Amino acid sequence: MRLWPQAWGAVGAAWRECFPLQGHEVARWFPGHMAKGLKKMQSSLKQVDCVIEVHDARIPLSGRNPLFQELLGLKPHLLVLNKMDLADLKEQQRIAQHLEGKGLKNVIFTNCIKDENIKLIIPKVTELIKCSYRYHRAENLEYCIMVVGVPNVGKSSLINSLRRQHLRSGKAARVGGEPGITRAVTSRIQVCERPLMFLLDTPGVLAPRIESVETGLKLALCGTVLDHLVGEETMADYLLYTLNRHGLFGYAQHYGLASACDHIEQVLKSVAVKLGKTRKVKVLTGTGNVNVIQPDYAMAARDFLRTFRKGLLGQVMLDRDLLPAC
Ligand SMILES: Nc1nc2c(ncn2[C@@H]2O[C@H](COP(=O)(O)OP(=O)(O)OP(=O)(O)O)[C@@H](O)[C@H]2O)c(=O)[nH]1
């Protein structure tokens, strides 16, 4: 018998007020290629004029790697909040103000799939570099930019999108739906002719210690940590908790539930039935082992997460609670 202690007491009218985080571990995922990548980023910094940090627009206030600031902080910095198509940006102004209060004045929201706002990037980067040159050294004829960020936020997609927009060229950087596609700092990739601009793609690097369990869960929902390290069913439950708190009940219709519900087992059961994903398990009864058909909860959790990540369950702002009250 499967137990879902997180959801106990949640069936019925009220949504859970908080997600019990005790008992969950923040996944520590800092494999060798990340440590190596970070060192290489530092050593490549001499040739870099500006750092573009890409992060997920659904978590604009959490989950960034503080090491980027520490190690690469001397260069002009642009924060690109990508995947804006998946984010609820009703509070975009407040988010920008909050970030500005934290010293992040240069922020652009983008969608690299549809090339939205991509054309704002090169002029902004050029302006930032020119401002820094005034104080440091003579103007250069070509610029080199380093693209950094946690895994799977769209760094390589950004490079490809810039090339489409400015060079009308095809793909130069490998893109993938899983974290950890780019494994090493790449050689320079041209993205613009005028001004002549090159980018260095880098492997996604998570903070060696993620600030809290909840931040870890948000990063995991956004696909920056391999799912099995956190547990797909825990993530599915956190997703359900989030969708309900945000009033995003589209999952009920999507999976044919009679109504929205805060009980993950019930939701996953409906998902499994809808997908036809059931499996036989042996159950010991008084008369011996009996085959019982059970929903495949793991497959259902995987589908629930995948559907959310495609944006089919609505746009979400996972950091809503971190914004200061108006
Ligand atoms: N919906 C949406 N998906 C995007 C966007 N940008 C990138 N993606 C998708 O996000 C996934 C990761 O993109 P990548 O460009 O490989 O991300 P990365 O940061 O280079 O990943 P690592 O190599 O793991 O560091 C891919 O499936 C992309 O298609 C966007 O603006 N919106």
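Trainee: What average pLDDT does the chain have, and what share of the residues score at least 70?

Mentor: The average is 86, and 88% of the residues reach at least 70. pLDDT is the predictor's confidence in each residue, on a scale from 0 to 100. This is a predicted model, in which local features need pLDDT of at least 70 and side-chain atom pairs count only at pLDDT 80 or more, while totals for chains, interfaces and linings use all residues. Residues are numbered from 1 along each chain as its sequence is written.

Trainee: Where is confidence lowest and where highest?

Mentor: Helix 1 (residues 32-44) is lowest, with a mean of 82, and strand 3 is highest, at 98. Residues 1-12 stay under 50 in pLDDT. Where pLDDT is low, the predicted coordinates should not be read in detail.

Trainee: How many helices and strands does the chain have, and what makes a run count as one?

Mentor: There are eleven helices and eight strands. Both are DSSP runs numbered from the N terminus: helices are H or I with at least four residues, strands are E with at least two.

Trainee: What makes strand 5 and strand 6 a pair?

Mentor: Pairing requires that DSSP finds at least two bridges between two strands. Strand 5 (residues 189-192) and strand 6 (residues 196-201) have three bridges and run antiparallel, so they meet the definition. Cys-192 stands opposite Met-197 in strand 6. The two strands form a hairpin, with three residues between them.

Trainee: Why are strand 3 and strand 5 said to stand at the edges?

Mentor: The open sheet has six strands in the order 3-2-1-4-6-5, with mixed pairing. Strand 3 (107-109) and strand 5 each have a single partner strand, so one side of each lacks a neighbour in the sheet. From one strand to the next, the twist averages 30°.

Trainee: Why are helix 10 and helix 11 called roughly perpendicular?

Mentor: Axes are lines fitted to C-alpha atoms, for helices over the stretch in contact, and angles run from 0 to 180 degrees between N-to-C directions. Angles under 35 degrees count as roughly parallel, over 145 as roughly antiparallel, 65 to 115 as roughly perpendicular and the rest as oblique. The axes of helix 10 (residues 264-275) and helix 11 (residues 297-309) cross at roughly 90° and come within 8 Å; the two helices are therefore roughly perpendicular. Residues making the contact include Leu-268 and Val-271 of helix 10 and Tyr-297 and Phe-304 of helix 11.

Trainee: How do you know that helix 6 is largely enclosed by the rest of the structure?

Mentor: A residue is buried if 20 or more other C-beta atoms lie within 10 Å of its own, exposed if 12 or fewer, and partly exposed in between, with C-beta atoms placed from the backbone. Seven of the nine residues of helix 6 (residues 213-221) are buried, so the helix counts as largely enclosed. Among them are Thr-215, Gly-216 and Lys-218. The buried residues pack against helix 7 (227-230) and helix 8 (232-245); contact means that C-beta atoms, placed from the backbone, lie within 7 Å. Just after helix 6, Gly-223 has a positive phi of about 85°.

Trainee: What share of the 326 residues of the chain counts as buried?

Mentor: The buried share is 40%.

Terms used. Two residues are in contact if their C-beta atoms, placed from the backbone, lie within 7 Å.
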